[in-house]
Amino acid sequence: GALHGWVKSLWRLEDQEKPAATLVFFDLGGAQDRLALHADYKANREEMPEALQKQIDPIKAFTRAMGLVGVEQDGVESDDLLASQAVSLAGQGHEVLVVSADKDFAQIVNDRIKIMLPPPSANPKLGWRVMDATGVQEKFGVPPGMIADYLALVGDTADNIPGIDGVGPKTASKWLLEHQTLEGVIANAASLKPE
């Protein structure tokens with residue numbers, strides 16, 4: 001099923017978006033820098049099911065057979081490779097469309113980088129959606145430049161990264177809009193509401 005869904009999505013995106021070029025990023029695992037900072041990083045994730053594991057090499061082979069570049073690097077997460085490449089390409093004047101449901105990419109959205117979100121499994125009728133800087137602000141309550149600080153406050157359950165106890169999305173965005181940075185929030189910790 002994964003191979004079928006992958007190919008179907010690639011073809012649909014190629015037909016719909018007609019990109020000048022497409023890069024695909026694969027994760028080889030081994031984020032040692034993150035594990036050194038937080039030993040429980042992604043510890044909550046289950047092992048990849050064997051049926052899916054068996055489809056990874058055919059997915060990579062088919063992707064490359066389609067003439068697409070498959071980027072991967074030992075010890076560096078595919079998300080980091082993708083974000084770095086997106087920022088670099090945007091800096092060279094290219095329009096970049098990142099196809100991912102990962103909220104971490106919201107921090108690199110700007111006038112040249114947008115995110116295309118796949119249809120949510122809970123409501124597939126929503127279809128593919130593009131998120132620009134305004135969409136980031138609407139979804140998270142803060143602009144893209146504040147997303148890293150926002151995630152530091154609320155945490156990230158997908159990556160098993162704890163936030164501040166009792167701080168949810170509304171509180172995090174309120175504090176950041178009032179104090180501009182995580183450092184500003186910390187400097188004003190004694191007067192924050194709620195305490």
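1. Ground rules. Residues are counted from 1 along each chain as its sequence is written, and side-chain values rest on heavy atoms, with hydrogens and water left out. As the model is predicted, local features need pLDDT of at least 70 and side-chain atom pairs count only at pLDDT 80 or more, while totals for chains, interfaces and linings use all residues.

2. The sheet. Three strands make an open sheet in the order β3-β4-β5, with mixed pairing. The edges are β3 (96–99) and β5 (129–131), each pairing on one side only. On average, neighbouring strands here are turned by 30° against each other, direction ignored (axes are lines fitted to C-alpha atoms, and angles run from 0 to 180 degrees between N-to-C directions). Strands are DSSP runs of E with at least two residues, helices are runs of H or I with at least four, and both are numbered from the N terminus. Two strands pair if DSSP finds at least two bridges between them.

3. β4 and β5. Strand β4 (residues 113–117) runs antiparallel to β5, and three bridges join them. I115 has M131 of β5 as its bridge partner.

4. S100. Look in the loop between β3 and β4 for this serine. S100 is buried at 16% relative accessible area (buried is under 20%, exposed over 50%, partly exposed in between, with a 1.4 Å probe and protein chains only). Setting aside neighbours within four places in sequence, S100 is in contact with F105, I115, M116, L117 and P118 (contact means heavy atoms within 4.5 Å). The S100 side chain also reaches the backbone nitrogen of D102 at 3.0 Å.

5. Helix α6. Within α6 (residues 147–154), the buried residues are I147, D149, Y150, L151 and L153. These pack against α5 (133–140), α7 (169–179) and α8 (182–187). Just after α6 comes G155, with a positive phi of about 80°.

6. Positive phi outside glycine. Two residues are worth a look on the backbone. K18 has a phi near 45°, a positive value in a residue other than glycine, and sits in the loop between α1 (2–17) and β1 (23–25). K18 is exposed, at 64% relative accessible area. Q180 is not a glycine either, yet its phi is positive at about 75°. Q180 lies in the loop between α7 and α8 and, at 46% relative accessibility, counts as partly exposed.

Technical notes. Polar contact = N/O pair within 3.5 Å; in protein donor to acceptor, adjacent residues only side chain to side chain.
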